[in-house]
Amino acid sequence: MKRTLTVGVVGAGRVGAVVGAALNAAGHRVVAAAAVSAASRDRAARLLPAAAILPADEVARAADDLLLLAVPDDALGGVVAGLAATGALRPGQIVAHTSGAHGVAVLGDVQGMALHPAMTFTGADADLDRLPGIAWGVTTADRAFATRLVADLGGIPEWIAEDNRPLYHAALAHGANHLVTLVNEAADLLRAAGVEDAERVLGPLLRAALDNALRLGDAALTGPVSRGDAGTVAKHLDRMPADAVGTYLALARRTAGRAVASGRLRPQDAAQLMDVLSRATAATPAGRPG
């Protein structure tokens, strides 16, 4: 029979409240949560209705089996140290944090694990539907417990070495966070070109591009940069708003490099393109020598 865990959640933000709700749905008991802001208190009331809203040290004391710390990366070390200093943490209790950037070193002598969901969260009930089947970046000495816990959450553990946590987190942030910026910049450019419903135009294209990239890797590259169409790229740069040029240049250079490395663009065909990109970089404020 599966053991029911008594759980406390420190940080009822977008991640903590959703993961806590998922633990409840898996048959565990989230008995207490720390929620400071009005938005966090509202989120806890909605997603963790049976949890008492308490100060963090009292949440830790109520969490007989598992204490989930879902606080910002830079605050995590201080939260752990503060809880340990008050005597709120005790032997036999597992402390799990949801930071992608940190492993277990941030916990010091406290027994625990890094348990990071590879998913973006809004803090809405719909987030729960996105959890089944996702990967969880786990760093811990107790793989058996972590495997059971991730399975209860419907996920798959990815074992990340302590030293690789920053690189693991950088990969996810680079892919997900910068994707949002890229999509919104593309939408802004379409609206500037007179397209009223930019999302309708971009949706099918970007979904296909993402699917192709995940399936095919660099073989999914298309467009003027991958073909070495220097004239087209020059026209893009000539008409783009100044605040979008830097992003375009950085990604175009990286795309050209990957196209050459993967054999999709011959170096001799890339030469004129790279010249266009170099001249445009030198012409931008950031590219001019000081």
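## Salt bridges along the helices

Because Arg215 and Asp211 sit four residues apart in helix H8 (residues 198-216), about one helical turn separates them. In this predicted model, the two form a salt bridge, with their closest N and O atoms 3.0 Å apart. Arg215 is exposed, at a relative accessible area of 53%, while Asp211 is partly exposed, at 39%.

Helix H5 (residues 127-130) holds another such pair: Arg130 and Asp127 are three residues apart, again about one turn of the helix. Their salt bridge brings the closest N and O atoms to 2.7 Å.

## Other charged contacts

Arg227 pairs with Asp229 in a salt bridge whose closest N and O atoms are 2.9 Å apart. Asp229 is partly exposed, with a relative accessibility of 27%. Elsewhere, salt bridges link Asp188, Arg191 and Glu199 into a network. The model has 12 salt bridges in total.

## How two helices pack

Now for a helix pair. Helix H10 (residues 230-239) packs with helix H12 (residues 267-283) at an angle of about 20°, and their axes are 8 Å apart. Angles under 35 degrees count as roughly parallel, so H10 and H12 fall into that class. Their crossing is right-handed.

Leu179, Leu182 and Leu251 make a nonpolar surface patch of about 240 Å². Of these, Leu251 belongs to helix H11 (residues 242-261) and is partly exposed, with a relative accessible area of 39%.

Methods. Residues are numbered from 1 along each chain as its sequence is written. This is a predicted model: local features need pLDDT of at least 70, side-chain atom pairs count only at pLDDT 80 or more; totals for chains, interfaces and linings use all residues. Side-chain values use heavy atoms; hydrogens and water are left out. Patches are made of residues with over 30% relative accessible area and no salt bridge: like charges are joined within 9 Å, nonpolar side chains (Val, Leu, Ile, Met, Phe, Trp, Tyr) within 5 Å. Accessible areas come from the Shrake-Rupley method with a 1.4 Å probe; for residues, only the protein chains shown count as cover. A salt bridge is a side-chain nitrogen of Lys or Arg within 4 Å of a carboxyl oxygen of Asp or Glu. Buried means under 20% relative accessible area, exposed over 50%, partly exposed in between (1.4 Å probe, protein chains only). Axes are lines fitted to C-alpha atoms, for helices over the stretch in contact, and angles run from 0 to 180 degrees between N-to-C directions. Angles under 35 degrees count as roughly parallel, over 145 as roughly antiparallel, 65 to 115 as roughly perpendicular and the rest as oblique. A crossing is left-handed if the near helix is turned anticlockwise from the far one by less than a right angle, and right-handed if clockwise.
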